[in-house]
Amino acid sequence: MKNKVFTLEEVLDKLHDGQSVMFTDLHGGLAADEIIDGMLAKGVKDLTAIGVSSGRHNMGMGKLIADHRVKKLLTTHIGLNKASIEQMFAGELEVEFIPQGTFAERIRCGGFGLGGCLTRSGLGTQMQEGKQIVNVDGLDYILEKPIRADVALLHATKADKAGNLYCAGTSHLCVDYMAMAADLVIAEVEELVEIGELDPEKVIVQAPVVDMVYVRQGEKAPLWKSWASQIAKIQEKEAAQA
Amino acid sequence: MAYTGRELIAARCAKFFKDGDFVNLGIGVPLMCVNYLPEGVDLWLEAEIGVCGCGPMPHYSQWDMNMADAGSQPISLIKGGSFLPHDRSFGFIRGGHIDATVLGTLQVDAEGNIANWLIPGKVAPGMGGAMDLCAGGIKKVIVATDHCEKSGASKILKKCTLPLTGAKCVTDIVTERCYFQVTPNGLVLKELAPGYTVEDIRACTDADFTVAEDLGVME
């Protein structure tokens, strides 16, 4: 079976200015951190970024925004990354806001060979402006078009050398549908195992759609930085009670 | 024990739930509802990120990057809880599988319109999953909000002035001062918080409302 494990340099060779890139981060955590750091070091810019949120200014995909490498962002929420808010209001970052369920379905359509989805999310709001309204059996729906990207940059808990992916718990998030909707699919993984070692019932992305696997060299996915200050506050309370 | 303020809002909202309901709660006061559930009421709490059956925040020694809610806060899983793909969690929401949601808001109006995602030119964090929650799949959409802004202006309006999150979707409005039901004929004042009169509510509410015949006390 073809071995899809690559070095960071080989991965970075595929990442260029002007690409559209999907990121699977959740608010900066569970990101392809080492590849993102590599993109920063390489100077990749003018990106169109696609992610559930804009992350945090000091974590994950949000670092690319903070360093002005992103010119357009398709997302559902930017409230936790002050750089994205400042750049949007300054006119430096174009933001297309998408309701989160619609975000998932548009990308799913992009990867599943569908011409779009009909949804009632955003009906009667400014989300329907400029979009086609389709009536099905008496109910109005907004036609939302598919989203695809040049690259999907996934984070996964485990991969095998063939490219099968497993994501633990809530880190599953948008990994499975983003893996279907990009021309080049790259996974940064915490742990690599031999082909056949992943429980077939737990594979959430099938090997044929994954092009490159990169195994993190540094520490495992760091906790959200905000958690450290939350823990400090709890410990303070505990100390006061003791 | 007599609750006041936000505790009262959360405690009143918690009374809408029946044992076994599948619910989605917004960040802040809505999530506080789980602390005031009546005896014998257990819920399936959804996290949009992909959980059916969120439990309380565990001790920090148990915090795990793969166990977080949509706001990236640490969670546990209740017995019987499970993980699910992100797109399916919105299938639950739009598809009518969630029994109720509780949302905070900037404005809400007498037609059941809600505006909680955008103040043009000022505040624009994005709607996250709020528009999906207001898309009509969930039959009980409860707004939990302070009655007025800090400036004293009413948040319960004849007509929302900010860009809408959802049109004609809100079924109930709970504030620290009263509880309104949203009906096709407008708002009906159903309950008053202790210490408030109908006149007090008229004085601080922009929207018109009628008073229920069986006007009760909110607790």
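Predicted model: local features only at pLDDT ≥ 70, side-chain atom pairs only at ≥ 80, totals over all residues.
Strand 6 and strand 7 (residues 139–144) of chain A pair in the antiparallel sense, and four bridges join them.

- Three strands of chain A make up an open sheet, in the order 5-7-6, and their pairing is antiparallel.
- In general, the strands of a sheet pair through backbone hydrogen bonds, and the pairing may be either parallel or antiparallel.
- Strand 5 and strand 6 (133–136) of chain A stand at the edges of this sheet, and because each has a single partner strand, one side of each is left without a neighbour in the sheet.
- From one strand to the next, the twist averages 45°.
- Helix 5 of chain A lies across strand 5 and strand 7 of chain A, and this helix runs at about 165° to strand 5 of chain A.

**The largest nonpolar core**

- The largest nonpolar core has 127 residues, and the members that touch the most other members are M22(A), A152(A), L153(A), L154(A), V175(A) and M178(A).
- Strand 8 (residues 149–160) of chain A gives the largest share of this core, namely seven residues.
- If residues up to four places away in sequence are not counted, L154(A) touches T24(A), A32(A), V175(A), M178(A), A179(A), V185(A), I186(A) and A187(A).
- As a general background, nonpolar side chains tend to be buried together in soluble globular proteins.

**Where chain A touches chain B**

- The contact between the two chains takes 41 residues from chain A and 33 residues from chain B.
- On the side of chain A that touches chain B, the elements that give two or more residues are helix 5 (100–112), helix 6 (175–178) and helix 7 (225–241) of chain A.
- Helix 5 of chain A provides the largest share of that side, with five residues.
- Sorted by class, the side of chain A that touches chain B has 19 nonpolar, 18 polar and four charged residues.

**Chain B as a whole**

- Chain B contains five helices and 13 strands.
- The radius of gyration of chain B is 17 Å, close to the 17 Å that the globule rule gives for 219 residues, so chain B is as compact as a globular protein of that length.
- Taken along the principal axes, the box that the C-alpha atoms of chain B fill is roughly 50 × 45 × 30 Å.
- Of the 219 residues of chain B, 47% count as buried.
- Among the contacts in chain B with a separation of 6 or more, 64% are between residues 24 or more positions apart.

- In helix 3 (residues 86–94) of chain B, the residues H86(B), S89(B), F90(B), F92(B), I93(B) and R94(B) are buried.
- The cover over these buried residues includes helix 5 and strand 5 (117–119) of chain A, together with strand 1 (22–25), strand 2 (44–47) and helix 4 (130–133) of chain B.
- After helix 3 of chain B comes G96(B), which has a positive phi, near 85°.
- G195(B) sits in the loop between strand 12 (186–192) and helix 5 (198–203) of chain B.
- G195(B) counts as exposed because it has 10 C-beta neighbours inside 10 Å, where the cut-off for exposed is 12 or fewer.
- Although G195(B) and V217(B) are 22 residues apart along the chain, their C-alpha atoms are separated by 9.6 Å.

Notes: Residues numbered from 1 in each chain as written. Chains lettered and ligands numbered in written order. Contact = placed C-beta atoms within 7 Å. Nonpolar A, V, L, I, M, F, W, Y, C, P; charged D, E, K, R; others polar. Buried ≥ 20, exposed ≤ 12 C-beta atoms within 10 Å, placed from the backbone. Core = buried A, V, L, I, M, F, W, Y, C linked by C-beta atoms within 7 Å. Rg over C-alpha atoms; globule rule 2.2 N^0.38 Å. Pairing = 2+ DSSP bridges. Axes fitted to C-alpha atoms, helices over the stretch in contact; angles between N-to-C directions.
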